[in-house]
Amino acid sequence: MVLETKTLEEKARELLKERGVSVIDIAKLVMYLQKDYIPGLSLENCVESVDSVLSKREVHNAILTGIQLDVLAEEDQLLQPLQEIVSQDEGLYGIDEILALSIVNVYGSIGFTNYGYIDKVKPGILQMLNDHEGPRVHTFLDDIVGAIAASGASRLAHQYPDRADDLMH
């Protein structure tokens with residue numbers, strides 16, 4: 001049985017909200033990435049772009065999978081040594097980035113470069129998600145949120161093809 005896309009989207013959005021991430025938080029990241037390149041860009045434009053990204057089935061699957069793994073790590077339910085690797089967000093563990101790249105892959109090379117940049121600087125909500133204080137594990141979620149933002153930025157960039165050379169970070 002294949003679940004309806006609408007059902008998956010609703011669950012993915014619900015999980016983001018439960019984990020403290022709003023569409024506005026992600027839209028602010030899109031604004032951060034594109035404000036210098038798209039004249040007159042508004043937060044509303046960025047929200048629209050994030051909503052479009054969040055309508056994709058690949059994005060739903062990444063959100064559901066990544067958040068489930070983070071929750072299992074919080075509950076000490078992963079097998080060792082994976083439990084320690086995920087709960088500590090070990091630097092050499094790259095599967096969290098690989099899962100996030102499945103989102104960015106939908107939006108092309110600008111999405112990849114924006115993702116690499118935002119993953120490195122970790123502005124806004126990404127800084128909070130990457131903070132390893134407290135009981136929550138966000139090993140997968142911080143990368144997923146960064147990938148959604150990078151994809152939203154890429155989507156906007158594709159709407160302004162005459163500025164494409166300026167949009168690569």
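Buried means under 20% relative accessible area, exposed means over 50%, and partly exposed lies in between (1.4 Å probe, protein chains only). The model is predicted: local features need pLDDT of at least 70, side-chain atom pairs count only at pLDDT 80 or more, and totals for chains, interfaces and linings use all residues. Residues are numbered from 1 along each chain as its sequence is written, and side-chain values use heavy atoms, with hydrogens and water left out.

**View A. Salt bridge between Arg-13 and Asp-51**. A salt bridge is a side-chain nitrogen of Lys or Arg within 4 Å of a carboxyl oxygen of Asp or Glu; the structure holds seven. In the pair shown here, the N to O distance between the side chains of Arg-13 and Asp-51 is 3.0 Å. The two belong to distant parts of the chain, 38 residues apart, with Arg-13 in helix H1 (residues 5–18) and Asp-51 in helix H3 (residues 43–53). Helices are DSSP runs of H or I with at least four residues, numbered from the N terminus. Asp-51 is partly exposed at 28% relative accessibility, and Arg-13 is partly exposed at 27%. Glu-9 joins Arg-13 and Asp-51 in a network of salt bridges.

**View B. Salt bridge between Glu-74 and Arg-19**. The side chains of Glu-74 and Arg-19 meet at 2.5 Å, N to O. Glu-74 lies in helix H4 (residues 57–74) and Arg-19 in the loop between H1 and helix H2 (23–34), so the pair ties together parts that are 55 residues apart in sequence. Glu-74 is partly exposed, with 27% relative accessibility, whereas Arg-19 is buried at 7%.

**View C. Surroundings of Asp-70**. Asp-70 is found in helix H4. Asp-70 is buried and has no salt bridge; Arg-19, the nearest side chain of opposite charge, is 4.7 Å away. Here Lys and Arg count as positive and Asp and Glu as negative, while His and the chain ends are not counted. Apart from neighbours within four places in sequence, Asp-70 is in contact (heavy atoms within 4.5 Å) with Arg-19, Val-137, His-138, Thr-139, Phe-140 and Leu-141.

**View D. Salt bridge between Asp-119 and Lys-122**. The N to O distance between these side chains, Asp-119 and Lys-122, is 2.7 Å. Both Asp-119 and Lys-122 are buried.
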